[in-house]
Amino acid sequence: MGTSEQHNPANTQGAHNWVEVQDSPDFRQLRKRLRNFVFPMAGLFLAWYLLYVLLADYAHGFMSTKVLGNINVGLILGLLQFVSTFAITTLYVRHANKNLDPTAEKIREELEGGRA
């Protein structure tokens with residue numbers, strides 16, 4: 001095989017019209033469902049993180065307020081950053097399993113000609 005044939009995506013991935021795939025209703029629905037989850041969740045997480053950083057920088061008294069023993073508000077909010085990351089991951093996995101994966105699987109099966 002010549003070098004031009006080796007680098008031709010149509011030869012390695014089938015003769016699919018990828019622009020047509022992108023314009024399909026299923027793909028648009030998949031993209032919309034992904035964006036409807038990712039953008040708001042990313043915005044909420046970034047706002048929550050920014051709040052934490054601003055409190056840590058400008059509200060020293062509040063963040064150093066003792067809650068229990070040597071545990072203060074800043075430590076609790078810092079640990080909640082990790083908890084929120086795991087919660088977002090769990091929510092995304094559930095969202096993907098329910099709303100993204102079935103549509104992605106349908107598109108994949110159509111592209112592969114029904115071979116799963």
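Guide: A term to start with: strands here are DSSP runs of E, at least two residues long, numbered from the N terminus. V67 sits in one of them, strand β1. Keep in mind that this is a predicted model.

Visitor: OK. What nonpolar surface patch is V67 part of?

Guide: A patch of about 960 Å². Its residues are V67, L68, I71, L75, I76, L79, L80, F82, V83 and F86.

Visitor: Which element gives the most to the nonpolar patch?

Guide: Helix α6, with seven residues. Strand β1, residues 66-68, and α6 each supply at least two.

Visitor: Switching to packing. At what angle do α4 and α6 pack?

Guide: About 175 degrees, with the axes 10 Å apart. Helix α4 covers residues 25-58 and helix α6 covers residues 73-111.

Visitor: Why is α4 called roughly antiparallel to α6?

Guide: Because the angle of about 175 degrees is over 145, the cut-off for roughly antiparallel. So α4 counts as roughly antiparallel to α6.

Visitor: And what classes of residue make the contact of α4 with α6?

Guide: There are 18 nonpolar residues in that contact. Nine are polar and four are charged.

Visitor: Rings next. How many aromatic pairs?

Guide: One. F37 and Y92 form that pair.

Visitor: What's the geometry of F37 and Y92?

Guide: Tilted. The distance is 5.6 Å centre to centre, with 55 degrees between the planes.

Visitor: Where in the chain are F37 and Y92?

Guide: F37 is in helix α4 and Y92 is in helix α6. They are 55 residues apart, so the pair links distant parts of the chain.

Terms used
Residues numbered from 1 in each chain as written. Predicted model: local features only at pLDDT ≥ 70, side-chain atom pairs only at ≥ 80, totals over all residues. Heavy atoms only, no water. Axes fitted to C-alpha atoms, helices over the stretch in contact; angles between N-to-C directions. Helix = DSSP H or I, 4+ residues; strand = E, 2+ residues; numbered from the N terminus. Parallel < 35°, antiparallel > 145°, perpendicular 65-115°, else oblique. Nonpolar A, V, L, I, M, F, W, Y, C, P; charged D, E, K, R; others polar. Patch = residues over 30% accessible without salt bridge, like charges linked within 9 Å, V, L, I, M, F, W, Y side chains within 5 Å. Areas by Shrake-Rupley, 256 points an atom, 1.4 Å probe, with all protein chains shown as cover. Salt bridge = Lys/Arg side-chain N within 4 Å of Asp/Glu carboxyl O. Phe/Tyr/Trp six-rings, centres within 6.5 Å; stacked < 30°, edge-to-face > 60°.
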